[in-house]
Amino acid sequence: MDHQPKFFENLSGAGKAIAVLTSGGDAQGMNAAVRAVVRMGIYVNAKVYFIYEGYQGMVDGGDNIVEVSWESVSSILQVGGTVIGSARCKSFRTREGRLQAAFNLLQRGITNLCVIGGDGSLTGANLFREEWNGLLEELAQKGKIDAEAVKKYAYLNIVGMVGSIDNDFCGTDMTIGTDSALHRIIEVVDAIMTTAQSHQRTFVLEVMGRHCGYLALVSALACGADWVFIPEYPPEEGWEDSMCVKLSENRARKKRLNIIIVAEGAIDCHNKPITSEKVKDLVVQRLGFDTRVTILGHVQRGGTPSAFDRILASRMGVEAVLALLEATPDTPACVVSLSGNQAVRLPLMECVQMTQEVQKAMDEGRFLEAVRLRGRSFENNLNTYKLLSHKKPDAELPKTNFNVAVLNVGAPAAGMNAAVRAAVRVGMTEGHKIFAVIDGFEGFARGKIKEISWGDVGGWTGQGGSILGTKRTLPAKYLEKIADQMRTNNINALMVIGGFEAFESCLQLHEARANFEEFRVPMCVLPATISNNVPGTDYCLGTDTALNAIVETCDRIKQSASGTKRRVFIIETMGGYCGYLANMGALAAGADAAYIFEEQFDIRELQANVEHLTEKMKTSIQRGLVLRNENCNENYTTDFIYQLYSEEGKGVFDCRKNVLGHMQQGGAPSPFDRNFGTKISAKAMQWISKKLKETYRKEGGKVFANTDDSVCLLGMRRRNLVFQPVAELKSETDFVHRIPKEQWWLKLRPLMKILAKYKTSYDVSDSGQLEHVAMLPKEAETGAI
């Protein structure tokens, strides 16, 4: 629906006091959330307080509750854990403790609380809110506060953000810290794979997740593990035999290693624990394989937060402050959360009750119900894992006699290989023959095409680049040769994985259908490019890996300046004309400015940025960071901006420049890209199967697909994965600059500016709607993984 933009300028925090605390287990990204709450709070003229050591600090009061300034949260964005501390607190569970906490808050006029923690912490906050009036009256009776204060501070507003590496909170796609924990796990698995390969070993990896198998399940999906044990989906009776048969089959197929992932809370169908040691002993006794156990433990909580967690936490922090400003006495305590690619607000207790329902279902042995309650994203992960990890015997597979070709087009992007692996395996499960095309459409024209099998794609998930090879060449100049190859190999469908070229290629093939009947087959584009410039999707495969590379480098560059005099870095990112990497990199790295093509700028703006930095350098802040998209302006080049800043900043700061280049394209895919690639590819292959059945003509014995909706691009739009005809996307595309005409992330641009202390207007039309957990769309695939 079209609505008038609503801006938050009229939401003033003047006279309000907001306190932020972190409670329960720590999680990477909590500091990004704390930083966003503090800066957004100060931006709207509210007073902002830290509460150190969680609820314990609230009960103890004194120096544990401190007013903070803009600079208080400088340089914490890249730090893991929580700088304001977290502690378990017994006294807050008692009414006396909560009475003391209320008194400590009232002394500072705090009636707005932002709590970052797990379900226990948020439940405690809600109880505190419900008791608030009673606590105030009791304090008045004891003479600690006067009647005026009871009236003035009559309501306590609470907004929660979920910080938990387990991703065990219902109602939110991803909790703060989950993506970073997956990074830690995948780093370890990648390292273990090389040593396991050398010695033909089996490794049993134990990951965190006492009551939730999310980390185990997603890491198993991301590394192609042989077996996974999670609490929500215990193995069937006799699993010992099935697992050993599968491990020995894999060895027989010349696979030199086995990976088994066990969640720490894994159980069998009788609710008895399955431990990593038990699994190891079983493998050694039954199969005699050389087997090792690795328990990851607190490594998963540590380290620097990933780009995804920083952006998620920054968005949530700003949203939390908006929710507090808009709260009324009748608003229930809410949680700010992510659904697909959209920030939402949900009633806190609805989420907590649903989370407790999952545990109840598991305790009572209703495991299918537990999986369903975990949400659509969890269910999808489980189904995809089951589909890809175990090859059915050939006799059990259907036979469709359809041939599907898979190819990569454009520049390499991390996650392409994961997508090819999923396409091959799902395609075979559906009964098709899968053909791999080497070197894109150029290779296609030359007949570089071969059948590919289940075992050929083993271990591809974690590989960067494109194993099939990829070229930017479009099919237009080879149409006849490609049509010949499709006829010769009897290709009935195409899956094209790539960037803007993949989209253009399928458009060309679609338009050439009038002259070549060979192209009248179903085709699906999977957007994969680091630039994130393909129309029809919010995210492209490979973008997350590139963003992490940029953020990691920015962290190092910023650190290189510590101890030197004041310094500003100008960093150039890739992306063609699309400013996504520069803008989101700036948000995740805490940059002062990001120059992009989509938002034209002139010399006056450059001058204002220099003056803004000069002012900042007069405070305790010593470093500045400016990102520039490679094609943002043909005259204001990286060199020009560097020289301008150097000249104008003389005597205040000096300058350095850095062009990041192709390091943004390389590296092992991030967990997000491995999973996103796997899931969208599986979904695309199922769509292809459906289209093949619909368009098969029995009388002619061949596939005839000639409608617009048989050439689609699978993209993520807000909350859903959707198939869109490429012909319809044509009107949404700026072909000269190779970008979509409208891009969702431009709405987040003011966010970066606010957090860098610029005055700007921020459209908050999308926020402010309190939804109910049950109402979240069932199709909400994943804004995450």
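Helices (H or I, at least four residues) and strands (E, at least two) are DSSP runs, numbered from the N terminus. This is a predicted model: local features need pLDDT of at least 70, side-chain atom pairs count only at pLDDT 80 or more, and totals for chains, interfaces and linings use all residues. Residues are numbered from 1 along each chain as its sequence is written, and side-chain values use heavy atoms, with hydrogens and water left out.

Start with strand S5, residues 157-162. Six of its six residues are buried, so S5 is largely enclosed by the rest of the structure. Buried means under 20% relative accessible area, exposed over 50%, and partly exposed in between, with a 1.4 Å probe and protein chains only. In a regular strand the side chains alternate between the two faces of the sheet. Both faces of S5 are covered. Asn157, Val159 and Met161 are buried on one side. Ile158, Gly160 and Val162 are buried on the other.

S5 has strand partners. Two strands pair if DSSP finds at least two bridges between them. Strand S4 (residues 112-117) runs parallel to S5, joined to it by six bridges. Here glycine 117 stands opposite valine 162. Strand S10 (residues 334-339) also pairs with S5 in the parallel sense, over three bridges. In that pairing, methionine 161 faces valine 336.

Contact means heavy atoms within 4.5 Å. Leaving aside neighbours within four places in sequence, methionine 161 is in contact with residues including Ala33, Val37, Cys114, Ile176, Met316 and Val336. Methionine 161 also belongs to the largest nonpolar core, which has 190 residues. A nonpolar core is a set of buried Ala, Val, Leu, Ile, Met, Phe, Trp, Tyr and Cys residues joined through side-chain atoms within 4.5 Å. Met161, Ile261, Leu494 and Phe519 touch the most other members. Helix H10 (residues 307-326) gives the largest share of this core, 13 residues. A second, separate core has 41 residues, among them Tyr55, Leu113, Leu122 and Val344.

Next come the spaces. On a 1 Å grid over the protein atoms alone, a cavity is a set of points where a 1.4 Å probe fits but cannot get out; a pocket is an open set with protein on both sides within 12 Å along at least five of seven lines; lining residues have an atom within 4 Å of a point. Grid points are joined across faces, edges and corners, and a volume is the space filled by probe spheres set on the points. The structure holds four cavities of 30 Å³ or more.

The largest cavity has a volume of about 160 Å³. Its lining has 13 residues, and Phe308, Ile311, Tyr539, Asp544 and Tyr580 lie nearest its centre. H10, helix H18 (543-560) and helix H19 (580-589) are the elements that give two or more residues to this lining. H10 gives the most, with four residues. By class, the lining has ten nonpolar, one polar and two charged residues. Ala, Val, Leu, Ile, Met, Phe, Trp, Tyr, Cys and Pro count as nonpolar, Asp, Glu, Lys and Arg as charged, and the others, Gly among them, as polar.

The second largest cavity leads back to S5. Its volume is about 60 Å³. Met161, Val162, Met316 and Val336 are among its lining residues. S5, H10 and S10 each supply at least two residues of this lining. The largest share, four residues, comes from S10. Nine lining residues are nonpolar, three are polar and none is charged.

The largest pocket holds about 990 Å³ of space. It is lined by 37 residues, with Gly25, Arg88, Gly118, Asp119 and Gly120 nearest its centre. H4 gives the largest share, six residues. The lining divides into ten nonpolar, 17 polar and ten charged residues.

Return to H19, beside the largest cavity's list of lining elements. Ten of the ten residues of H19 are buried, so this helix is largely enclosed by the rest of the structure. Its buried residues pack against H10, H18, strand S18 (567-573), strand S19 (593-595), strand S20 (623-629) and helix H24. Just after H19, glycine 590 takes a positive phi of about 75 degrees.

Finish at leucine 770, in the segment after H24 (749-755). Leucine 770 is partly exposed, with a relative accessible area of 34%. Its C-alpha atom is separated by 9.5 Å from that of valine 336, 434 residues apart along the chain.
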